[in-house]
Amino acid sequence: MCFSAAVRAEFKAFQNLFPKSRLSIKDFFELYLRRKNKPKPVLRTPKAMDAQFAKSHAQDLAEIRALIEEFDAAQKVETEQDLFKQRQRLADAQRSLQNKPTKKAADDERIATTKIEQALAKLKRLQREDLSAGDSRIFPGWWAPVLMFENGEPIVRPMRYQCRPAGKPVNYDTRFPGTYNARRDNLRGFWNQQFGATHGVMIVTRFYENVSRDGSNVVLEFQPEPAQDMLVACLYSHWMPPAGSDEDDLWSFAAITDEPPPEVAAAGHDRCIVQLRPENVQAWLTPQGRSLEELDALLDDKAPAYYAHKLAA
């Protein structure tokens, strides 16, 4: 499973593939509007994706910029309020421990200390303007830009990194929580409605995997050598709510995974995302009229890369 990846979120990265690519401003606007109007549960977007709008002065992106600024301001206020609450909780717990130590007071001190650290870190992230390496990272359930073809035109849309196939109920997300990845050996089975029909590409610079080391779980960061943009083969779906539902429509996707190359297997992981060759991307994104065998051949013809690894920060 590819449980996390660092994505290229800036539109220019997709234009390097297809100069005539179009950014779906409408879909990005609707995503950020939904995030603002329905703050719980929070729609998670990487800071790097937000930044391409927040730092842009383009007039057609002004409404998106405003939504991001409003959301960040509200998050700051909420976090500051929680920080005040947790500092009070910590002070109360420490007074109780001085007078009469109890398990509740000790638990309150521990929990409050952790939450204070988390709140301070969140405020620092909200206030920081420069991007860091972690600002591009996504996890299952987060949103990321995905390249697709629509009416013969390359278009970049925000999609959720966990695919809910069209026609499935909302609880499909909890029944099948692993649908952020699509196993290569199940494309003709579980994914038969998407394989050969709705293909996308996510641009990734590195990916992360959980592995077992000496009985403990550790997270490894894999990065191709030489450093390069990985053009990851994906499947997507556009889910529409049934009549009378108050659910929003949903664009979502899954990254295709295959047997790992030797260096990934030696590191302790049994799957690896599929990196397409640049010359095969257009054929992958336009599967209509192509045989499944031809599409399989594109997935077999992986871009050459050696995936070096290290413990994730």
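The model is predicted, so local features need pLDDT of at least 70 and side-chain atom pairs count only at pLDDT 80 or more, while totals for chains, interfaces and linings use all residues. Residues are numbered from 1 along each chain as its sequence is written, and side-chain values use heavy atoms, without hydrogens and water. Helices are DSSP runs (H or I, at least four residues), numbered from the N terminus.

Helix α5 (residues 103-127) has 25 residues and should span 36 Å at 1.5 Å a residue, the expected span being 1.5 Å times one less than the number of residues. Its end C-alpha atoms are 36 Å apart, which agrees.

Helix α2 packs with α4 at an angle of about 20°, with their axes 9 Å apart. Axes are lines fitted to C-alpha atoms over the stretch in contact, and angles run from 0 to 180 degrees between N-to-C directions. The two helices α2 and α4 are therefore roughly parallel (under 35 degrees). Their contact (heavy atoms within 4.5 Å) includes Phe28 and Tyr32 of α2 and Leu67 and Phe71 of α4.

Helix α2 (residues 25-37) also packs with α3 (residues 47-54), at an angle of about 115° and with the axes 13 Å apart. That makes α2 roughly perpendicular to α3 (65 to 115 degrees). Here the contact is made by Phe28, Leu31, Tyr32 and Arg35 of α2 and by Met49, Asp50 and Phe53 of α3.

Methods. Parallel < 35°, antiparallel > 145°, perpendicular 65-115°, else oblique.
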